[in-house]
4 protein chains.
Amino acid sequence: MSDMPAAPPDLAHIAHAELLTPLPDESLRFFTDLFGMEIEHQEGQSVYLRGWGEYQPYGLKLTEARRSGLGHTAIRAWSPEALKRRVALIEASGLGDGWIEGDHGHGPAYRFRDPDGHAFELFYEQDRYVPPEHLRPRLKNVPQRHVDRGASVKRIDHVGANRAFAQDVLGFRLYEQIVLDNGEETGAWMSLTIAAHELIYTADHAGGHGRLHHLAWFVDTREELLRAADLFVDHDVPIEAAPSKHAVAQGMFLYVYEPSGNRVEVTTGTHFIYDPAYEPVRWTAAERARGQAWGVKTIETFHTYGTPPLDGTVGPPIPPTSQIPNIEAATTV
Amino acid sequence: MSDMPAAPPDLAHIAHAELLTPLPDESLRFFTDLFGMEIEHQEGQSVYLRGWGEYQPYGLKLTEARRSGLGHTAIRAWSPEALKRRVALIEASGLGDGWIEGDHGHGPAYRFRDPDGHAFELFYEQDRYVPPEHLRPRLKNVPQRHVDRGASVKRIDHVGANRAFAQDVLGFRLYEQIVLDNGEETGAWMSLTIAAHELIYTADHAGGHGRLHHLAWFVDTREELLRAADLFVDHDVPIEAAPSKHAVAQGMFLYVYEPSGNRVEVTTGTHFIYDPAYEPVRWTAAERARGQAWGVKTIETFHTYGTPPLDGTVGPPIPPTSQIPNIEAATTV
Amino acid sequence: MSDMPAAPPDLAHIAHAELLTPLPDESLRFFTDLFGMEIEHQEGQSVYLRGWGEYQPYGLKLTEARRSGLGHTAIRAWSPEALKRRVALIEASGLGDGWIEGDHGHGPAYRFRDPDGHAFELFYEQDRYVPPEHLRPRLKNVPQRHVDRGASVKRIDHVGANRAFAQDVLGFRLYEQIVLDNGEETGAWMSLTIAAHELIYTADHAGGHGRLHHLAWFVDTREELLRAADLFVDHDVPIEAAPSKHAVAQGMFLYVYEPSGNRVEVTTGTHFIYDPAYEPVRWTAAERARGQAWGVKTIETFHTYGTPPLDGTVGPPIPPTSQIPNIEAATTV
Amino acid sequence: MSDMPAAPPDLAHIAHAELLTPLPDESLRFFTDLFGMEIEHQEGQSVYLRGWGEYQPYGLKLTEARRSGLGHTAIRAWSPEALKRRVALIEASGLGDGWIEGDHGHGPAYRFRDPDGHAFELFYEQDRYVPPEHLRPRLKNVPQRHVDRGASVKRIDHVGANRAFAQDVLGFRLYEQIVLDNGEETGAWMSLTIAAHELIYTADHAGGHGRLHHLAWFVDTREELLRAADLFVDHDVPIEAAPSKHAVAQGMFLYVYEPSGNRVEVTTGTHFIYDPAYEPVRWTAAERARGQAWGVKTIETFHTYGTPPLDGTVGPPIPPTSQIPNIEAATTV
């Protein structure tokens, strides 16, 4: 029998995420110059940024804070009714914080924390982006002119946090998971749409709670992702995991650290789940030990590093994690 | 106010299409050798074929017939309840034909014709594909080994027929349309998911009814689509429209004729519609006259040719439509 | 018997080209903002521009002039001795103009005109590019940081002029040509290296002499070329020929007009000629009438338009040439 | 001062390589089914195989032998005169073995061994490939129809052996090298053309002599190389190094073992050296320790494994080298 909900989800997609940074100037330069995002709005300690392909005004709220990490994840509902249904379920769970008035670009939102401590907001009313003259596209079905700056990310793709009431209470569909021999689930990939994942939970092997694992942005092609890697090398962005292909969901990945230490990913891929009764794929520890799609093993920091770091440091892990620690220096073809 | 339905759709996706061919051997060779599809089953006058990325057993039912054209389009519902809801709406419209027992790979289906005469089937129960040993993939989240033969199409992508109760009765979402100055709608792109289109209606300028415009298959990358064009040239497949980029939905296209004359497309692109309240994009005649995304004008046969041809011929239009008819022969750089 | 010279050529490659423009500000903005080139030097009425992958200081000298067109093409010799050998052959042909002192970035050059009137310069001494701090690459085998601006062209690729002593006197190798049934040669692709062409001659069907057909710049991948087309559309750059694949040399093309009316190409492809005794490929008129690699016919202006225009106009041909002139407006899928 | 020869080289390109295999059936299936090569000829214990883009009849001679490794490398000269010049230099070096009558597809060849013991043959007379009907391409400037089977490799690209009279006696141009702090050169990349490398020498840290490091085949695009990795995974081909980008020469790589244990590479990239007076790039041990272009460290076996293996084994190193040995099993995102 399938774990799929009997009906399509009430929630439509991740509308934006709020990222916290103790180094706001450096982080802002990173997202504008190297990720190629546009500043859509500024208010208080926050800058609202957008990828060129987002219909909503922004997909990232970058907020100055004492510690790095995830401020909150905002999810848009399919309708006012769908929103009410989900809020009722959350309130019943006892984890709800209540309604807030809204924020730049969207209407009233219901705020809550998941059992691991990650903050979320749900809303329905969402402004649509209106580009200024210099960003108006020639094709009317694109929200904004494609910028030729940095990695030119298109839109926020998914949020990776560290642990699941997303499926039961929020109605996410579980597509893939890792289950150890002792039955412990250490990773889960969930989505609201046919896209292969929008929310990822992973076990935090460093013992943290409510931390950010990574935020991911989408580009249209693998070539753009490979080009982003060249760009990051030229700009001394620490690369945690060089471009390769995930086993889970079959997407390409490129993981780097933004200046304040948050892990961010550039991703692409077209692994659609059309099956309404999809059986989640369960990977065992032995299967995962074979590495990613092409056999590349995952770097150890992937299981232990999150933001905010448990030791209170600011900035990327130092020394910058190398991808394969134990290789002799000398010669290499 | 948006034309979007207040709730997510009851129907999940196009499960398969039935294509009719008076030249069954030639058409079969085309889909196996040049599109790279696998034969999953044969029964009666039909061969059931699949792209490597389809979770269901097949996406194409190829059936011998006196005339080319579309047999029917099969759509899978999200649940038994969702199926019942839609069947009730269709019966109320007076266009229903009634239940059939099912077919290879799926359970009971409700059959009907849209007002233009295209046949459809709706069902929920769908077998899941089990690959034979030689096609078993190494990664368990892929239904079948990727074949290295022909264009290696991944899955059926969309069906293009000729005119719309899809939106009202079936619950498709309208994403883009062409509306002439006199108010006549001559094209409409509709979807059940965030994918930019799954069902396309276009006005039949040749005066036909219920004809097939084209069937489209998805590949993951633009490079695969460009490679498919090389392949088709080497095998004398008549190319109606060489690779270029659509204005509508921003996907790449490559249109060719299979041996019996049906128009088939290889397509790719990642233009997702995440907005639950998307305002359909309306293109005017003047805007369309500017051509596709990069200015390439559409070939005239695109507005007049469909299958079955009105003149009763079998095979691709002859002389094979050239893409730009009025250019001097001689020299060309 | 082959037309190939018995020995490798004395000349190494096209070092730069000088392009003339009556609209210097607009042309400069085009090459910096949209082609993504860097200004390396300015002197008199000229700006010296470079692609990110050029070892020499610049590949384009953009010079203000009353008329558009090609100023000259500069070719670097393999050695001082090789330079002397070729100069002796040119002097014997009676077409030599004599030595000039050099220019920014290179030493003494021998100037001459080919029989059709195109100016050339040959030299050996060439400065090597030293990037300023902000353009220094992280990998020491790349001359400059890859810029993320516009089409990010890598280097000048080839020069297309309008007619051949290049082979006999300069030692170019002839790789492909078009020969009409009456024996007239109307196109020729020549190279100094394994790269498929560096110098192209085409018959000028408008009756001009010594005009520029086009200048081409290389990008590394087809995806970059497709992306450049999107960029040009967004910036209203008139596209003469949308991205497609050449039959000759198998490269991808994208032809546009820069603001003063010169035709410029973005190209890529890896069709290497390793055969030292290569037999030139001869295309007949009938073969060429089949169109480019994927059947796209060439736009008529390609045979008649060059710079400077014979009618004295400045700027791209108006109305901007559409790619397929005779298609009804209305509806288009 | 440059290390470049004052004149273009006498030798044109690597015409083919002979690979030895103790498992001839398995190796043959690998090259036909997974690399997508065609059998052009069979004779004695050898099968002659070709990539679709080779003008010569074959680029690989696969020969049954007791041990794996490199039989010989065959290089074509620019002309009969050039061949004589190089043979005279080799004879003067005392390493010449003398003339042989030729082999299938080419004329008389001069055989010799380099100081490390690798066998070479030089010749000028080379047959040109004539495709059978079913492999005849539609475009006359391509030697053979592009096959849609396996990785569809285009042509042999380069030979990697283990140490340098190639530069002095054969006239190769040195483009890049690794020089340790103690002055020892441990790697050298050499070419006869603008292509970034055709012959690579690396120090054999396992103490072997005359062994094969790897043979490389070219594909046109990075997408084809990524697709080849998917294919190899599906067919259990041991991947030694997953797709990533070289620092040296900027090409993409994918290293695998063919069944008898020889290391073979799929490569692509368009890093051309146009500078006739190129200064070889010298990498230090510290620079190399930073890893490849995107920071990926090289696997240790790259410095120690060659064929034939010193321990006499047949087949890929067992256990198949994993790419990053010291990572915990369990969970991985």
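Which residues are linked with A:D10 in a network of salt bridges?

Modeller: Happy to! A:D10 is linked with A:R85 and A:R86 in such a network. A salt bridge here is a side-chain nitrogen of Lys or Arg within 4 Å of a carboxyl oxygen of Asp or Glu. Do keep in mind that this is a predicted model, where local features need pLDDT of at least 70 and side-chain atom pairs pLDDT 80 or more, while totals for chains, interfaces and linings use all residues. Residues are numbered from 1 along each chain as its sequence is written, chains are lettered from A and ligands numbered from 1 in the order written, and side-chain values use heavy atoms, without hydrogens or water.

Over all chains, the count comes to 68 salt bridges. In one of them, B:E38 pairs with B:R149, with the closest N and O atoms 3.2 Å apart. Because B:E38 lies in strand 2 and B:R149 in the loop between strand 8 and strand 9 of chain B, the pair ties together parts that are 111 residues apart in sequence; strands are DSSP runs (E, at least two residues) and helices likewise (H or I, at least four), numbered from the N terminus. B:E38 counts as buried at 13% relative accessibility, whereas B:R149 is partly exposed at 27%. Buried means under 20% relative accessible area, exposed over 50%, and partly exposed in between (1.4 Å probe, protein chains only).

In chain D, D:E240 of strand 14 and D:R263 of strand 16 are 23 residues apart, and their closest N and O atoms are at 2.8 Å. Both ends are buried: D:E240 has a relative accessible area of 0% and D:R263 one of 1%.

Other pairs cross between chains. D:D236 reaches B:R138, with N and O atoms 2.7 Å apart, and B:R138 is partly exposed at 33%. Between chain B and chain A the count is six salt bridges; among them, B:K140 pairs with A:E287 at 2.8 Å. The contact (heavy atoms within 4.5 Å) takes 47 residues from each of these two chains.

For contrast, C:R50, in strand 3 of chain C, is buried yet has no salt bridge, and the nearest side chain of opposite charge, C:E54, is 4.9 Å away. Lys and Arg count as positive and Asp and Glu as negative, with His and the chain ends not counted. A polar atom of the C:R50 side chain does lie 3.2 Å from the backbone oxygen of C:P57.

How values were computed. Polar contact = N/O pair within 3.5 Å; in protein donor to acceptor, adjacent residues only side chain to side chain.
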